[in-house]
Amino acid sequence: MNKLEFIKGIYPFVKEQIDRLNKKFYHSYFLFENETGLDVIKQGRQEHISEHPAILGGVISVYNGKYFVEYSISDVDKNTIAKVVDDMLANVPVFNMEYRVPEEELGEKYFKTEQKIPLDSIKLEEKIDKIREQSEQIAKKDERIKNVINVYKENFIFKSFISANNFLTQDITRLDRFIQIIVSDGKSVKYNYDGISKQGGYEYAELPDNMIDMTVRDAIKLLGAGQIKSGIYDIVASPEVAGLIAHEAFGHGMEMDMFLKERAMGAHYIGEQIASPLVTMYDSATEPGESGSFFFDDEGMPSTSTKIIDKGILVRGMTDLNSAMRLNVERSSNGRRESYKRKPYARMTNTYFAPGESTKEEMIKSVDEGIYLIKGGSGMEDPKNWGIQIECLIGEEIKNGELTGKIFSPIFITGYVPDLLKSISMVGNDLEISGLGYCGKGHKEWVKVSSGGPHIKFKTRLG
Amino acid sequence: MIKKIKEALNKNNEIYAWEIKSVESKSSQLFLIKNYIEQLREVNTVSYFVKIYNLHEVNGEKQLGLSLINIQHNEENIDARIESAIRIAKYSNNIPWEIYGGGDYYYDKNSVSEKIAKDRKGLLFEFYDKYKSVEDSIKPARYSSLELFATLNDIEYMNSKGVNETDRRTVFEIDTVVLSGNETKDMECHNYRKVVFPEMLDLENEIKKSAKYATDSLNSKLPKSGNYPVVFMEEPLENLFSPLVFQTSGRAYFQKQSMLKINEEIVDSANGDKITLKSNSNVKNGLKTTKFDEDGAPLQDFTVIENGIFKKRWNDVRYSEYNKEEHTGNFANIEIGTGNISMDEFTDDEETIYYVMSFSSFSPDPISGTFGGEIRHGYEVSKNGIIPVKGGSVSGSINESFKNIYLSKEKVLRGEYLGPKAVKFKSLNITGE
């Protein structure tokens with residue numbers, strides 16, 4: 001039985017159980033999750049070709065007037081669901097309602113990712129052969145290449161949300177392609193990586209030749225990379241690094257559960273100028289094809305696009321259901337879970353700076369002495385104090401308006417977020433969104449996100 | 001269910017070998033914002049992870065294919081899932097290796113908190129009560145959030161060579177955020193701890209320490225820029241030595257990701273303390289104190305680096321065969337040998353020295369060995385006294401920074417790290433003022 005038939009078959013029973021819960025509680029829902037996929041990973045002489053471990057289960061959630069109570073189960077069958085509902089009705093207390101639960105009435109809806117070339121239309125052998133052939137070709141590009149990790153992942157993310165008024169189902173397909181090149185000159189080992197993560201089909205299976213060539217070229221350059229002298233620099237950041245800045249700077253700090261916890265400085269600056277007037281920033285789950293997109297979030301909210309910063313003015317944040325209720329703000333579709341086993345939090349989706357008018361060449365030409373940050377790595381938020389930390393894998397020196405070829409690695413960006421954003425003096429016309437990464441909340445709760453932007457020019461501290 | 005899966009695997013003659021790992025997990029979770037409950041959760045899951053091996057020939061050479069499937073408790077068509085996995089495994093070409101065949105003795109590890117096994121929800125509310133009782137004592141600091149997770153895992157491993165073992169493990173996680181300050185200046189301290197025995201976690205002390213760090217941060221400044229001695233304590237210790245664990249693995253050697261050579265120094269011309277790195281599978285409350293590893297083999301104690309010299313690689317079953325080296329099993333808890341001097345002496349002869357208790361994020365790169373992070377909580381110690389520092393970054397690399405490393409004689413256990421309570425680098429690059 002396929003996933004859609006399964007959920008349609010069990011729906012009348014689940015709806016009955018939700019109706020039972022709603023006689024006692026103020027709001028209840030059932031979220032079903034079934035994530036499957038295929039992994040093809042070639043790493044030197046080793047191959048890993050397998051289904052990836054499925055996520056299959058569900059969560060029943062109720063609001064008792066004061067707080068939410070949830071039961072997560074891996075056995076999604078009538079017996080288990082009925083037992084959970086009986087237990088909740090018998091043991092979960094109910095209180096006077098403190099906050100009203102906002103929910104749109106949408107009825108029954110089914111959403112599916114469009115695949116231009118359906119993944120199931122290509123034979124497994126063809127997919128594997130392509131990865132093997134490509135890995136061999138990459139390995140021959142330079143004798144300093146010691147290993148090539150070539151990853152192809154198909155992800156089928158199926159979720160259904162059942163509440164009093166809604167029966168929503170989404171069937172999302174995402175393809176992840178990733179290469180990591182490990183190089184050595186006998187004295188040290190370095191690596192570089194790149195890839196694509198897009199919702200869609202086999203049309204994203206091919207990594208562009210120039211992406212592969214650049215990844216190899218930069219990996220080799222890293223063997224001679226030096227450590228940057230710490231100080232304040234004029235910086236041009238690639239769209240990938242700009243995306244990391246968007247994500248870490250005013251992404252985490254505008255997740256509104258952080259407002260409730262008094263952990264976000266942004267709560268005090270809504271409506272104020274916190275960035276250069278050149279800066280406009282969005283979080284949007286509605287971007288077609290981007291890896292952080294969906295049709296509804298894990299609390300049943302249809303996908304939305306949120307303008308977080310408008311021409312430098314802080315506009316609003318992103319909500320999960322609890323923060324929207326308690327702060328009495330309009331819900332956005334940012335209630336996301338790592339899986340059915342975890343609670344929802346306010347989380348980002350696709351976060352990016354809007355494009356401007358400058359070109360990358362104009363930006364580099366305008367720098368006398370500075371750094372072009374090419375490749376990002378990881379970052380960490382500090383919404384409470386607007387601190388930022390981003391580790392970049394590759395930066396190249398700029399002198400007299402030209403790239404010199406001198407490479408530094410790793411480079412750490414640190415600073416005070418408003419200072420950094422107010423220093424943005426040029427914004428590129430070349431928006432790119434990249435979705436290779438996952439995002440954690442604190443040090444856990446990993447969800448798929450993307451981030452991006454155009455090239456941007458700014459000034460901050462590097463080390 | 002496990003019997004059904006085993007029967008289905010055994011009757012299929014295209015399977016060269018198989019492994020099953022079942023994990024039954026029961027977890028209670030409590031979430032608070034400030035001091036009110038936001039959410040209460042119960043999680044009950046059962047999963048069966050099945051590895052299926054297929055031996056086949058390609059151009060006259062034997063190749064091993066491996067496919068992994070996750071079968072649910074109520075799976076109706078096990079045979080079809082297995083057929084699909086075999087079909088995929090047939091396409092996967094690897095140098096063959098043999099799965100673990102048993103023959104070693106398994107020691108029962110003490111990895112179960114009876115409180116978690118018997119009454120998870122009761123335990124959470126016991127911690128909640130303690131948490132509330134401490135609130136007044138940390139003023140003017142105050143609570144932002146608390147998350148508690150109490151989990152019991154029952155694990156069974158079996159394979160086609162007759163290995164069959166069970167293990168029971170508990171995990172307790174606590175995530176707290178404490179705030180201190182006022183409307184004009186407010187600071188936070190985030191603390192995440194993961195242990196086996198909640199009884200061994202001193203909640204009151206953890207919260208009071210967080211309150212002190214948050215309050216101290218109100219008077220913090222940026223560190224100075226330049227090269228300074230830096231002492232790592234608390235949170236950064238959990239990951240500091242992880243690149244060495246990776247670099248000493250058979251996997252890193254086989255995949256040409258390690259430059260370390262047996263019987264040679266791990267860093268050239270080291271002047272500081274020499275590092276000793278051991279796998280220790282018997283640390284009480286250690287997160288890696290488990291009965292068996294991913295291959296079903298008993299976790300063992302062994303030394304990979306002794307006095308700065310790389311002595312031997314650790315190898316799981318697969319890489320032991322690939323590298324034709326001893327099978328040690330996977331790495332257990334990371335034990336680092338302590339040094340000879342007290343951490344109190346680390347400040348001697350230093351004009352200015354920095355102490356870092358936590359970074360915003362700290363994940364040293366396992367391949368390149370580089371590390372760095374933004375200081376979340378730290379102190380500058382100089383003739384001017386002790387000044388809290390926050391912001392700015394510290395960076396270094398194993399190849400260079402470990403040449404002048406000093407290890408305290410005091411010991412600490414954090415997560416899966418057992419070793420010096422304080423680690424001093426004679427010189428690290430700081431980007432600050």
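Are A:Tyr63 and A:Phe68 buried or exposed? I began my notebook with these two residues, keeping in mind that the model is predicted, and I noted that both A:Tyr63 and A:Phe68 are buried.

Entry on ring pairs. I searched the whole structure for aromatic pairs and found 39 of them over all chains. Among them is the pair that A:Tyr63 forms with A:Phe68, which I recorded as tilted, with 5.1 Å from centre to centre and 40° between the planes. I then turned to chain B, where B:Phe232 and B:Phe362 form an edge-to-face pair, with their centres 5.6 Å apart and an angle of 85° between their planes.

Entry on where that second pair sits. I looked up the two positions and saw that B:Phe232 belongs to strand β7 (residues 226-233) of chain B, while B:Phe362 lies in the loop between β12 (352-359) and β13 (370-382) of chain B, so the pair ties together parts that are 130 residues apart in sequence. I count B:Phe232 as buried because its relative accessibility is 0%, and B:Phe362 is also buried, at a relative accessible area of 9%.

Entry on the cluster. I followed the ring pairs onward from B:Phe232 and B:Phe362 and found that they link these two with B:Phe241, B:Phe359, B:Phe371, B:Phe402, B:Tyr417 and B:Phe425 into a cluster.

Methods
Residues are numbered from 1 along each chain as its sequence is written. Chains are lettered from A and ligands numbered from 1 in the order in which they are written. This is a predicted model: local features need pLDDT of at least 70, side-chain atom pairs count only at pLDDT 80 or more; totals for chains, interfaces and linings use all residues. Side-chain values use heavy atoms; hydrogens and water are left out. Rings of Phe, Tyr and Trp (its six-membered ring) pair if their centres lie within 6.5 Å; planes under 30 degrees apart count as stacked, over 60 as edge-to-face and the rest as tilted. Buried means under 20% relative accessible area, exposed over 50%, partly exposed in between (1.4 Å probe, protein chains only). Helices (H or I, at least four residues) and strands (E, at least two) are DSSP runs, numbered from the N terminus.
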